[in-house]
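Trainee: Could you walk me through how to read the features of a model like the one below?

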Amino acid sequence: MMDEKRSGVDTPLYPYEEEGIITSGNRHTIGERDVFGDEKDHQIKYKTLSWQLVAVLMIAEIVSNGMLSLPSSGGVVGLVPNVILIVFLGIFGTFTAYLLVQFKLNHPEVHNMGDAGYILFGVVGREVLSAGTVIFAVFATGGQLLAGQIALGVLSDSRLCLMLYTGIFTIPTLIFSFPRTLDRLSWLSVPSVFSILIAGIVGMIGAGLNPLAGRTTSLFLQPTFVNAFVSVTNPVFAYAGHFMFFILISEMRNPKDAMKAAYTLQGFATTYYTVFAIVTHWYLGNGVASPSFSSLPPVWAKAAYGIAIPNFLIAGSLYAHTAAKLIFLRLFRHSKHLHSHTVIGWGTWTVLILIMNAASFVLAVGVPIFSYLIGIAASLFASWYTYGIAGAFWLHDSYYLTGEGTRAWKRRPTMFVLSVLTFAAGGFICVAGTYVIITLIIDAYNSGTVPPPFQC
């Protein structure tokens, strides 16, 4: 049983007490259970981030190339349903962010989704969610490399082999992902945020000044289930950054401020996505391309893509950094190699960074259906990390940490129902999204539109 009983529906489930955390009936100080512990005498200090810099990192990671697919979703389901979906998923993402942050505050030893999986489901949960995090991060890095490939191709009028553009873009992505702490990457993320913000504004201005002649902009459409659900996976992927929240919060000076960063992220992303999707779709019509910058006149496309390049670079670096750090922490947690400048520590970190970036490059240029595989990864993992698993976090902690079991669920029926629905929504997006993407892959092969691997 716990040291203190909670009673009343208004009592916070997740107390973050000044002297420590109450969990599983025991009182622990932050230093005993925190991921990085007391760093006073350490050479490498991780817990340096303010909530403002965490918000910048979140925006740089999430508001990126996924945004450029949102207008095309409107061309499938119609402008109004697309906007409703973007706003709903943004609000839903804010709710699940709250659940993730509270779970982290209650379990400060959690560094990543794998650690959370261990608390929920034991060893199997740890391995599955850890592997999913690494796979999704590598695929997301590859997605940013493809975005960089497109940008460099547009800027140079495709004078070089596309694979070469991807290789060129991989090099700075690797370099920027190399710092051991997120504090170094946070300052690089500041220009990254301005980059995607200005690029989107330039894209909207270009669309407004050069509306597509003879365009049709439909408010409502009646697509097939497969086509309609693609419009769901696009914004799901555009909001898919929650899998990094535990890692980011672990490097904060004051984790209690994490929701300030999450509110900033979700407010910015939801507003920006909505405005961008409306303006771009309105002026470029139902046939707007994905990425939408490619539907702009050449000069405007070059300007938008050129300005967006820093964001593609930093977002890719953050994903590669995340994949490497999960494994690095798994290997060296509580060892001197984590906090000291050792040959083994830096050697392992270098190898991990090289592997993650190399894997992303090979997937991006060597797998003809890689863009579809990104969709599958988003369906399998982002559906849970961004939405579904957050419901399980609340159900777990309300059951175990109050010492009341199912009585805690009965005392808070609204949160219980919302958590169950959140978990169910994650499952639905996972199954339906995977089915839709596999269907698209089969159609692509049947129509002969799948290119050969490693092509220029």
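This is a predicted model: local features need pLDDT of at least 70, side-chain atom pairs count only at pLDDT 80 or more; totals for chains, interfaces and linings use all residues.

Trainee: How many salt bridges does the structure hold?

Mentor: Side chains of opposite charge can pair when their charged atoms come close. A salt bridge here is a side-chain nitrogen of Lys or Arg within 4 Å of a carboxyl oxygen of Asp or Glu. The structure holds nine. In one of them, Glu127 meets Arg330 at 2.6 Å, N to O. That pair links distant parts of the chain, with Glu127 in helix α6 and Arg330 in helix α12, 203 residues apart. Helices, by the way, are DSSP runs of H or I with at least four residues, numbered from the N terminus.

Trainee: Which residue does Lys302 meet in a salt bridge?

Mentor: Asp157, at 3.1 Å, N to O. Again distant parts of the chain are linked: Asp157 sits in the loop between α6 and α7, Lys302 in helix α12, 145 residues apart. Lys302 has 27% relative accessibility, so it counts as partly exposed.

Mentor: Another bridge pairs Asp257 with Lys260 at 3.4 Å, N to O. Asp257 counts as buried because its relative accessibility is 19%, while Lys260, at 43%, is partly exposed. Salt bridges that share partners also join Arg126, Glu127 and Arg330 into one network.

Trainee: What should I note about the backbone at Asp157?

Mentor: For Asp157, phi is near 55°, a positive value in a residue other than glycine. Ser158 has a positive phi of about 55° too, although it is not a glycine. Ser158 is found in the loop between α6 and α7, and it counts as partly exposed because its relative accessibility is 48%.

Trainee: Which peptide bond is cis?

Mentor: The one from Ser290 to Pro291, with omega near 5°. Pro291 is in the loop between α11 (258-284) and α12 (298-332).

Trainee: Which residues make the nonpolar surface patch?

Mentor: Leu160, Leu164 and Ile168, covering about 250 Å². Patch residues have over 30% relative accessible area and no salt bridge; like charges are joined within 9 Å, nonpolar side chains (Val, Leu, Ile, Met, Phe, Trp, Tyr) within 5 Å. Areas come from the Shrake-Rupley method with a 1.4 Å probe. Leu160 is in the loop between α6 and α7.

Trainee: What lines the largest cavity?

Mentor: Rolling a probe the size of a water molecule over the atoms shows where empty space is left. A cavity is a set of points on a 1 Å grid where a 1.4 Å probe fits but cannot get out, and lining residues have an atom within 4 Å of a point. The largest cavity is lined by 13 residues, with Glu61, Asn65, Gln144, Phe237 and Tyr319 nearest its centre. α6 gives the most to that lining, with four residues.

Conventions
Residues are numbered from 1 along each chain as its sequence is written. Side-chain values use heavy atoms; hydrogens and water are left out. Helices (H or I, at least four residues) and strands (E, at least two) are DSSP runs, numbered from the N terminus. Buried means under 20% relative accessible area, exposed over 50%, partly exposed in between (1.4 Å probe, protein chains only). On a 1 Å grid over the protein atoms alone, a cavity is a set of points where a 1.4 Å probe fits but cannot get out, and a pocket is an open set with protein on both sides within 12 Å along at least five of seven lines; lining residues have an atom within 4 Å of a point.
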